[in-house]
Amino acid sequence: METFDLIILGGGLAGMCAAVEAGEAGAHVLLLEKQDELGGSTVLSSGYMAFAGTNMQDMAGITDSIESLIDDMIEVGGGVNDQALIAAYGQRQLESFTWLVQHGVEFRSLEAVSGHSVPRGHIIDPHQAIQTLYRRVKQLPNVEILLNAPAKRLLKNQDGRVDRVLYEVDGTEASAHASKGIIIASGGFAKSEELLAQFAPQLKGALRIGGRGNHGDGIRMACEHGAWLMDLPYLNGTYGFHPTAAGPVKSQGLAFYKGAIMVNQLGKRFVNESISYKLLGKAAFEQPDCVTFQVWDQTVMNKSVHDDPLYDLELLKRRRLLYQADTLEDLADCIDVPLEVLEETISRYNQGIQNGEDPDFGRKSLTHNYGNPTPIEKAPFYAFESTVAMLATYAGVSVNTKAQVVNPFGEPILGLFAAGEVTGGFHGAGYMTGSSLGKCAVFGQIAVQEALKEVTLK
Ligand SMILES: Cc1cc2nc3c(=O)[nH]c(=O)nc-3n(C[C@H](O)[C@H](O)[C@H](O)COP(=O)(O)OP(=O)(O)OC[C@H]3O[C@@H](n4cnc5c(N)ncnc54)[C@H](O)[C@@H]3O)c2cc1C
């Protein structure tokens, strides 16, 4: 059996950041990827990464701080997220941003999305990011990547340290030994009907979008060795997808964070549209037949952001996914909601926000604490049928700030580390956009540094 310093399970953003970090530190590394290509859910993502205090924000005149980032994450997470993990993220995120830039990952623009008090969603092209990290790995002879190589089980040695991986490669069984650590970076379980049925039965009707290999393998392997799990009760879908989005074209639009309202089939609003799109998803699921629409006017349409994964509303129009009408009467007819109710809904909303007080749901901002809602009054009017997708399972194995997997007593399971979507505890009850890709980079690097340190110190 071949021995490596580190074995990394999974080649999404967390695994690839770990592979580069470890390779550059001179470690002998094996990365196992279950699929025939790298990327996992990462390459399907919208590419927002949450960082605060970057030069991009400075150049855009945006004042942000680690404190504000941490406050937002705790507020969005309902205060039940692990504050030590959030603090570690706050402390390390700027370093990870710089590291990514130095490694050639391109950040193209900034937006305010779910949970942001200021624009801090730094947008990458996730394919470019994975390819760039892969190119770096190829320059490192000490890092080996195997595709079509699913890890199956982990084994402990006589001292109770997890140090071996049983895996398959192209259908043949194999095993490898890790002298310094095994890093689970195998993503979530958005594609496992079995685990979703077990842990999130409330999301039965949600679209499924996520990496093909994301079946929660890493969670099972870690649980076998005593890992504790966190955040499972808070599993939610994400609102804003067109009902066809699980097909080849993943159409999504977050017009509500630019000022749209959300109405149900009865023509009524049902939620404060500025809250996390995870919580919007929960509210949307409770509406009659789960049918809901985002409704906006030309003022909101003018805020469409060309080529943005979430805010390119003009693209939705070009794809013929929007209803457009010159009058509310025609719009109500298009989407089959009662005109009088829709008119009353919009008039009440407009009056409310103009008086600074949305009487029904207390909306005060576009997203979280950012931006001012505008009245829906300028024709043409638009509607986008929207639904909920299960695209990322922000719950999983419990880790400490060293990215060590811990048992139900908070004690590290020796030799075992985890980073990325496979971990729980970080998001708590809600998710701030960009914090998942962000935590992949931050904790992917931390896992490597701690694994190498742990053994060096012995
Ligand atoms: C449509 C969509 C939009 C999103 N937008 C954003 C966003 O804008 N910002 C944000 O922060 N987050 C976003 N997310 C979530 C984010 O993309 C993921 O949480 C993140 O990419 C997870 O990265 P990861 O490296 O942990 O896992 P992944 O990228 O999923 O990689 C895990 C890899 O492990 C492999 N694997 C699984 N099991 C095994 C095994 N047994 N052995 C070996 N390999 C295995 C998988 O095949 C996969 O390649 C989005 C997700 C989706 C689907």
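Analyst: Let us begin with burial. A residue is called buried when its relative accessible area is under 20%, and exposed when that area is over 50%, with partly exposed in between. Please keep in mind that this is a predicted model.

User: Is F426 buried or exposed by that rule?

Analyst: F426 has a relative accessible area of 2%, so this residue is buried. F443 has a value of 6% and is therefore buried as well.

User: How are the rings of F426 and F443 arranged?

Analyst: The general idea is to take the distance between ring centres and then the angle between planes, where over 60 degrees counts as edge-to-face. The centres of F426 and F443 are 5.9 Å apart and the planes lie at 75°, so the pair is edge-to-face. This pair connects distant parts of the chain: F426 is in the loop between β20 (423-424) and α13, while F443 belongs to helix α13, 17 residues apart.

User: How many aromatic pairs are there?

Analyst: The count is twelve aromatic pairs. For Y257 and Y277, the centres are 6.1 Å apart and the planes are at 40°, so that pair is tilted. Y257 sits in the loop between β12 (238-241) and β13 (261-264), and Y277 in helix α8 (residues 277-285). Both of these tyrosines are buried. Ring pairs also join Y239, F256, Y257, Y277, Y394 and Y431 into a cluster.

User: What is the composition of the shell around the ligand?

Analyst: The ligand is surrounded by 40 residues, the closest being E33, T42, E421, S436 and L437. By class, the shell has 16 nonpolar, 19 polar and five charged residues. Helix α13 gives the most, with four residues.

User: How many disulfides are there?

Analyst: The count is zero. For C223, the nearest cysteine sulfur is that of C440, 19 Å away. C223 has 32% relative accessibility and therefore counts as partly exposed; C334, at 36%, is also partly exposed.

Terms used
Residues numbered from 1 in each chain as written. Predicted model: local features only at pLDDT ≥ 70, side-chain atom pairs only at ≥ 80, totals over all residues. Heavy atoms only, no water. Near = heavy atom within 4 Å. Helix = DSSP H or I, 4+ residues; strand = E, 2+ residues; numbered from the N terminus. Nonpolar A, V, L, I, M, F, W, Y, C, P; charged D, E, K, R; others polar. Disulfide = S-S within 2.5 Å. Buried < 20%, exposed > 50% of the residue type's maximum accessible area, 1.4 Å probe, protein only. Phe/Tyr/Trp six-rings, centres within 6.5 Å; stacked < 30°, edge-to-face > 60°.
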